[in-house]
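These are my notebook entries on a single structure. I record what I looked up, entry by entry.

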Amino acid sequence: MKPSYILGTGFYLPSQCVDNHMISKVINTSDEFIRQRIGVETRFHAQPEQACSDLMLAAAKMAIETAKINIEDIDMLIVNTLSPDVHDPSQACILASKLGLEEVPAFDIRAQCSGLLYGINIAKNFIAADDKRCILVVAGELLSKRMDTSDDGRNLAVMLGDGCGAAVISDQPRDNSQMTGKVIDMVINGDGRQWESLVTRVPGTAQRQFHRADDNQQGHSFMRMNGPDVFQHGVSKFCEIAQQLLERNNLAVADIDKFIVHQPNLRMLEEIQARLDIDPQKMPINVTKYGNMASASTAVTLAQSCHEGVVKSADRVLILSYGAGATWAGALVQF
């Protein structure tokens, strides 16, 4: 099978840093409660005039520059977000326009927090089929505009952050002077029976109307989460997919140099570390600084780790993600 490579990565975080004291001015909570329950200290929020596509544009440009390619080299765009600029058309088409991409396939996926890895897996298969050669995958969120500051929504609102990450997937590695990640193995999975554990019910056709004037007042247009269910199912699937990839590649946890993991909250990450017996030095954690950025979380963690030298040349990296639906995914990458 024709191999795929992570040729370059990029990320973007808005400039406005919001600490827990600022959050507690608009939500009935406290710095102490947020730190103890979910471990978040700060998060970054976009400016009112910024759209999700603006965050995506910055991350995509960084990934393209890092990959040392031209915009004309990209022959497909895959985007994952749960906070698009508009309901339709696709976020990918909006981003393609801003990037100046002309007449290439551009489409959205909805794998939630697993979106980066789902997107890379799709890209990998297009490359393996010899259909495409250079695919841009973008996962970004502007969740601060989806916050429900009421008591019903605060368990999610206190942790949400904005950001975006991107990766260029190619059929060819870069020259030896540039770090490239070869995708060794991937697994994606899902279980639709979990869909109500984290759900936003409108707009949607399951209701009598796609959108009603009182949806916000009723809380229907905001995310609602069953925290214990998400925690238990999420941790189990993070660990399951890690073990699956390790076993089928004849590896042990100790053989992995870095674990790049979606950052839902600090308590879930601590549980994953404990169950898999991961050396904390091998698992970058940024949820304390950035909050939960949904699909952007894994993408930003990967890109920042590559750009700041946390992931080094010759590192064997295991990337893990889990999202609403439920979806989960893993990738073994050799840098």
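Is D73 buried, partly exposed or exposed? I worked from a predicted model. I find that D73 counts as partly exposed, because its relative accessibility is 38% and that class lies between the cut-offs of 20% for buried and 50% for exposed. I located D73 in the loop between α3 (52-67) and β4 (76-80). I then looked up its separation from A206: the two are 133 residues apart in sequence, and their C-alpha atoms are 41 Å apart in space.

Entry on the sheet. I traced an open sheet of nine strands with mixed pairing, in the order β5-β4-β6-β7-β1-β8-β13-β12-β11. I noted β5 (106-109) and β11 (258-261) as the edge strands, each of which pairs on one side only. From one strand to the next, I read an average twist of 25 degrees. As background, I note that the strands of a sheet pair through backbone hydrogen bonds, in either a parallel or an antiparallel sense.

Entry on strand β6. How many residues of strand β6 (residues 134-141) are buried? I count eight of the eight as buried, so the strand is largely enclosed by the rest of the structure. I sorted its residues by direction: C134, L136, V138 and G140 point one way, while I135, V137, A139 and E141 point the other way. Both sets are buried, E141 included.

I next checked the partners of β6. With β4 the pairing is parallel and runs over five bridges; in this pair, L77 has L136 as its bridge partner. With β7 the strand runs antiparallel, and eight bridges join the two; here A139 stands opposite G165.

Entry on strand β1. I followed β7 (residues 163-170) to β1 (residues 5-12) and found the two antiparallel, joined by seven bridges. Within this pair I recorded A167 of β7 as the bridge partner of T9.

Entry on helix α8. I asked which strands helix α8 (residues 227-248) lies across. They are β8 (181-190), β11, β12 (316-323) and β13 (327-334), and the helix runs at about 150 degrees to β12.

I listed its lining as R146, M147, D148, G153, L156, A157, L160 and M223. By class, I record five nonpolar, one polar and two charged residues in that lining.

Methods:
Residues are numbered from 1 along each chain as its sequence is written. This is a predicted model: local features need pLDDT of at least 70, side-chain atom pairs count only at pLDDT 80 or more; totals for chains, interfaces and linings use all residues. Side-chain values use heavy atoms; hydrogens and water are left out. Two strands pair if DSSP finds at least two bridges between them. Helices (H or I, at least four residues) and strands (E, at least two) are DSSP runs, numbered from the N terminus. Axes are lines fitted to C-alpha atoms, for helices over the stretch in contact, and angles run from 0 to 180 degrees between N-to-C directions. Contact means heavy atoms within 4.5 Å. On a 1 Å grid over the protein atoms alone, a cavity is a set of points where a 1.4 Å probe fits but cannot get out, and a pocket is an open set with protein on both sides within 12 Å along at least five of seven lines; lining residues have an atom within 4 Å of a point. Ala, Val, Leu, Ile, Met, Phe, Trp, Tyr, Cys and Pro count as nonpolar, Asp, Glu, Lys and Arg as charged, and the others, Gly among them, as polar. Buried means under 20% relative accessible area, exposed over 50%, partly exposed in between (1.4 Å probe, protein chains only).
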